[in-house]
Amino acid sequence: MIASDKPNVVVIGGGPAGSTVSTLIAQKGYRVELFEREVFPRYHIGESMIPETYWVLKRLNMLDKMKGSHFIKKYSVQFVGQSGRLSAPFYFHDNKPHECSQTWQVRRSEFDLMMIENAAEHGVTVHQGTRVLEVLFDGDRAIGVKVADPSGETREVFADVVVDASGQSSMLINKFKLRVPDPELNKGAIWTYFKGAYRDVGKDEGATVVLSVQGKNGWFWYIPLHDDIVSVGVVGDFDYLFKGRTSHEQTYAEELERCPAVKERVENAEQVEKIFATKDYTYRASQGSGDGWVLVGDAFGFLDPLYSSGVLLALKSGELAADAICDGLEKGDTSKDQLGHWVPNYLVGMKRMRRLVSEYYEGFNFGRFIRRFPHYTGRVTDLLIGDLFKDDLDEVIASMDQMKAEDEEARLMSTKEQD
């Protein structure tokens, strides 16, 4: 059966990226149909947000819903070194005194449900429990999708633009073999949830805590959620976490032993969920768009979660793609270049965040960097809160390179003197 009422845009996937792009296009009066294979609420990892999500949530008319939710408010992030030494809270408001500097720790099952319901409220036709079987092409141009509804009946839906927001299982990345892995960040994660674990009080209750594992073999995230639940996961090199280990449960227990600061926080708590694991970290597509199609969110790329950038990148890519699609529909241009003109600048921002992630794993001393270049404190903060798309941030990166070169020169001099 061929649908008679052709939408302007079809979106594959109802996660944060898919809901964002759908809502913003529908706000402009275009007809959007969103196809989500699962029925929400459904489980998903990625619970910590960073402040720059505020501006996209504002455009989506989500701010009042977030402020009225029971999600834990997040004002800061803290780091714990291998020795167990806890840094001072890194308060976002100190750099940007605006309400955008308070964000949230969310259960994704609830947040994603709010987002997809918000899309429907803005006029998006949402189909849950509906699988997209394939993207339809006429030559090189995407022209629609073939879907199977919950009863198994199939139909074809044609549209001017197809947005792939299908997450890490990205349909078009796989179809065109566009996936580019990041060998330097070949990581994985193992995690679970505890009830009654330690948490700070007051303004620090919602802080994300990043705790180093002894031996620099990885780090734990510690994310306080509502209902007295804490998400606790370990991230490490893929080979270290998954090769030659007996089970995910045993590996998780062993890594807890190597991180006393986490073990102490959960020792009197009850583990209330199974152990989860993922092995597919940090990649991007070699191409973000084609004629009639565009990738957003995890369907385009994913970055190591060290600085909790996942939801921000999903929302931001959805926002940028939506603007490009609306401009294209208005002028009758849904070419590859029009739908993907935002991708190069987005990649620059993503690479800036990636640089911070890589430096953490390589042991870069951010405290010493700030003491050496105190005038960059605000710009480093901008990077950490997700304000990634400003060219002057590259001055910070250049100075990091300068300090690393000076350190290497000093190391070589010291070695020469000892010889």
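Tyr-43, Trp-191, Tyr-193, Trp-219, Trp-221 and Phe-276 are linked by ring pairs into a cluster; rings of Phe, Tyr and Trp (its six-membered ring) are taken to pair if their centres lie within 6.5 Å. The model is a predicted one, in which local features need pLDDT of at least 70 and side-chain atom pairs count only at pLDDT 80 or more, while totals for chains, interfaces and linings use all residues. Residues are numbered from 1 along each chain as its sequence is written, and side-chain values use heavy atoms, with hydrogens and water left out.

The structure as a whole holds 22 aromatic pairs. One of them joins Tyr-54 and Trp-55, edge-to-face, with 4.7 Å from centre to centre and 80° between the planes; planes under 30 degrees apart count as stacked, over 60 as edge-to-face and the rest as tilted. Tyr-54 is buried, at a relative accessible area of 5%, whereas Trp-55, at 33%, is partly exposed. Here buried means under 20% relative accessible area, exposed means over 50%, and partly exposed lies in between (1.4 Å probe, protein chains only).

Phe-220 and Tyr-252 make another edge-to-face pair, because their ring centres are 6.1 Å apart and their planes stand at 75°. This pair links distant parts of the chain, with Phe-220 in strand β15 (residues 218–224) and Tyr-252 in helix α7 (residues 248–257), 32 residues apart. Both Phe-220 and Tyr-252 are buried. Helices (H or I, at least four residues) and strands (E, at least two) are DSSP runs, numbered from the N terminus.

Lys-203 lies over the face of Tyr-91, at 4.7 Å from the ring centre, and the charged end of Arg-245 sits over the ring of Tyr-240, 5.0 Å from its centre. The criterion is that NZ of Lys or CZ of Arg be within 6 Å of the ring centre and within 35 degrees of the ring normal.

Helix α7 deserves a look of its own. Its buried residues are Thr-251, Tyr-252, Glu-255 and Leu-256. These residues lie on the same side of α7, because they cover an arc of only 140° around the axis, the arc being that of the directions from the helix axis to the C-beta atoms. In general, an α-helix has 3.6 residues a turn, so residues three or four places apart point the same way. The cover over the buried residues of α7 includes β13 (187–195), β15, β16 (229–237), α6 (238–242) and α8 (260–266). Glu-257, also in helix α7, is partly exposed at a relative accessible area of 48%. Glu-257 and Gln-214 are 43 residues apart in sequence, yet their C-alpha atoms are 9.2 Å apart in space.

Strand β16, part of that cover, is itself mostly covered, with 8 of its 9 residues buried. β13 and β16 run antiparallel and are joined by 9 bridges; two strands are said to pair if DSSP finds at least two bridges between them. Among these contacts between strands, Ile-190 has Val-234 in β16 as its bridge partner. β15 and β16 also run antiparallel, joined by 7 bridges, and Trp-221 stands opposite Gly-233 in β16. The two strands β15 and β16 form a hairpin with 4 residues between them, and Asp-227 in the turn has a positive phi of about 60°.

A further open sheet has 3 strands in the order β12-β19-β22, with antiparallel pairing. Its edge strands, β12 (179–181) and β22 (301–302), each pair on one side only. Strand β19 (residues 283–285) pairs with β22 in the antiparallel sense over 2 bridges, and Arg-284 has Gly-301 in β22 as its bridge partner.

Gln-338 lies in helix α10 (residues 336–339) and is buried, with a relative accessible area of 8%. Leaving aside its neighbours within four places in sequence, Gln-338 is in contact (heavy atoms within 4.5 Å) with Ala-324, Asp-327, Gly-328, Lys-331 and Asp-333.

Finally, how many disulfides does the structure contain? A search of the whole structure finds 0, a disulfide being a pair of cysteine sulfur atoms within 2.5 Å. Cys-259 is buried at 2% relative accessibility, and Cys-326 is buried at a relative accessible area of 7%.
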